[in-house]
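Morning, everyone. I have one structure to walk through today, with the focus on side-chain packing. Here it is.

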Amino acid sequence: MHILVASDIHGSQAAVKRLRAVAERRNPDLIVLLGDILYHGPRNPLPEEYNPAEVARLFREWLAETSLPFMCVRGNCDAEVDAMLLPFPLAESAWIFPDGAHVLALHGHTLPSDGLLPGLPPAFVQLSGHTHIPVAEERAGRHVWNPGSVSLPKGGFPQSYGIIEKASFSVFPFAGETPLLCDVLP
C-alpha cells in the first residue's frame with residue numbers, strides 16, 4: 001500500500017495545489033490528512049494564498065475528479081462550521097493498516113509533552129501532525145511519524161509531506177525527491 005500523508009494546510013490554496021500535484025505524480029492508494037485544513041489558527045501567520053473557502057472548493061473539485069480515497073482527522077483549528085464546507089468527514093482519529101502495520105492517525109494537539117500517546121502498545125505507529133515539524137523515529141519502542149506541514153513549516157524545515165510504503169515512512173520536501181527523514185518498521 002502506498003499512502004500520501006499531509007498535515008496542517010491551514011487554508012493555503014498553494015498548499016492544496018502542491019499536494020494535488022504530488023498526488024498525481026506519486027499515484028497513492030490513499031491520502032491521509034492529519035487536520036488543520038481550513039483555518040490558519042490564532043498563533044500562526046497567514047499562509048501563502050490564504051483562502052479557506054477556496055481550499056474547500058479545491059478539495060471538492062479534486063474529489064469529484066478522482067476515485068482516490070481520502071481519510072481525514074480533525075485538528076485543533078478545524079471547527080464544525082469549517083468541516084461543513086469539506087467534501088470528506090473529519091474523524092477524531094483513524095486506524096490504518098498498511099502492509100500489516102498498526103498505524104493510529106490523529107492530529108496530535110492533545111498529546112502530552114513527551115509527544116507519546118498513553119496506552120498505545122509498543123510496535124504500533126503514532127502518526128500525527130500539529131507541531132509542523134517532521135518526525136520519523138522510534139521512541140520508547142513505538143514509532144512516531146509526522147509529515148511536517150504543507151503550508152507553515154517550523155523548526156527550519158521546508159514544506160513537506162510523508163509517504164508510507166512497505167512498512168516505512170519517509171518525509172519529503174515539496175522541492176525535491178530526497179527524503180528529509182525516514183523510519184522503517186522491523
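Let's start with a charge over a ring. R26 lies over the face of F172, at 4.2 Å from the ring centre. R18 does likewise with F174, at 5.7 Å from the ring centre. Keep in mind that this is a predicted model.

Stay with F172 for a moment. What is the geometry between the rings of Y161 and F172? Their centres are 5.8 Å apart and their planes sit at 20°; planes under 30 degrees apart count as stacked, so this pair is stacked. Y161 belongs to strand 9, residues 160-165, and F172 to strand 10, residues 168-173. Eleven residues separate the two, and the pair links distant parts of the chain. Both Y161 and F172 are buried.

How many aromatic pairs does a search of the whole structure find? Ten. One of them is F59 with F88. Here the ring centres are 5.4 Å apart and the planes meet at 80°, so we call the pair edge-to-face. Where do these two sit? F59 is in helix 2, residues 52-64. F88 is in the loop between helix 3, residues 80-83, and strand 4, residues 93-96. The partners are 29 residues apart in sequence, so the pair ties together separate parts of the chain.

Buried or exposed? F59 has 0% relative accessibility, which counts as buried. F88 is buried too, with a relative accessible area of 6%.

The largest has 29 residues. Which members touch the most others? I9, L33, I37, F59 and F88. Several elements give two or more residues to this core: strand 1 (2-6), helix 1 (13-26), strand 2 (30-33), helix 2, strand 3 (70-72) and strand 9. Look at F88 in detail. Leaving out residues up to four places away in sequence, F88 touches L33, I37, F59, L63, F70 and C72. Another core, of 19 residues, lies apart from the largest one. Its members include I3, V125, F169 and V171.

Next, V5, in strand 1. V5 has 0% relative accessibility and counts as buried. Which residues is V5 in contact with, leaving aside neighbours within four places in sequence? V32, L34, L127, P147, Y161, G162, I164 and F169. So Y161, from the stacked pair, is on that list. For a distance reference, V5 and A23 are 18 residues apart in sequence, and their C-alpha atoms are 9.9 Å apart in space.

On to strand 4. One face is covered, with A94 and I96. The other is uncovered, with S93 and W95. Strand 4 runs antiparallel to strand 5, residues 103-106, and four bridges join them. S93 stands opposite L106 in strand 5. The two strands form a hairpin with six residues between them. In the turn, D99 has a positive phi of about 50°.

Last stop: S128, in strand 6, residues 125-128. S128 is buried, at 5% relative accessible area. Not counting residues up to four places away in sequence, S128 touches L34, L106, H107, G108, L111, W145, N146 and P147. L34 and P147 are contacts of V5 as well.

That's the tour. Over to you.

Technical notes
Residues numbered from 1 in each chain as written. Predicted model: local features only at pLDDT ≥ 70, side-chain atom pairs only at ≥ 80, totals over all residues. Heavy atoms only, no water. Phe/Tyr/Trp six-rings, centres within 6.5 Å; stacked < 30°, edge-to-face > 60°. Buried < 20%, exposed > 50% of the residue type's maximum accessible area, 1.4 Å probe, protein only. Lys NZ or Arg CZ within 6 Å of the ring centre and 35° of its normal. Core = buried A, V, L, I, M, F, W, Y, C linked by side-chain atoms within 4.5 Å. Contact = heavy atoms within 4.5 Å. Pairing = 2+ DSSP bridges.
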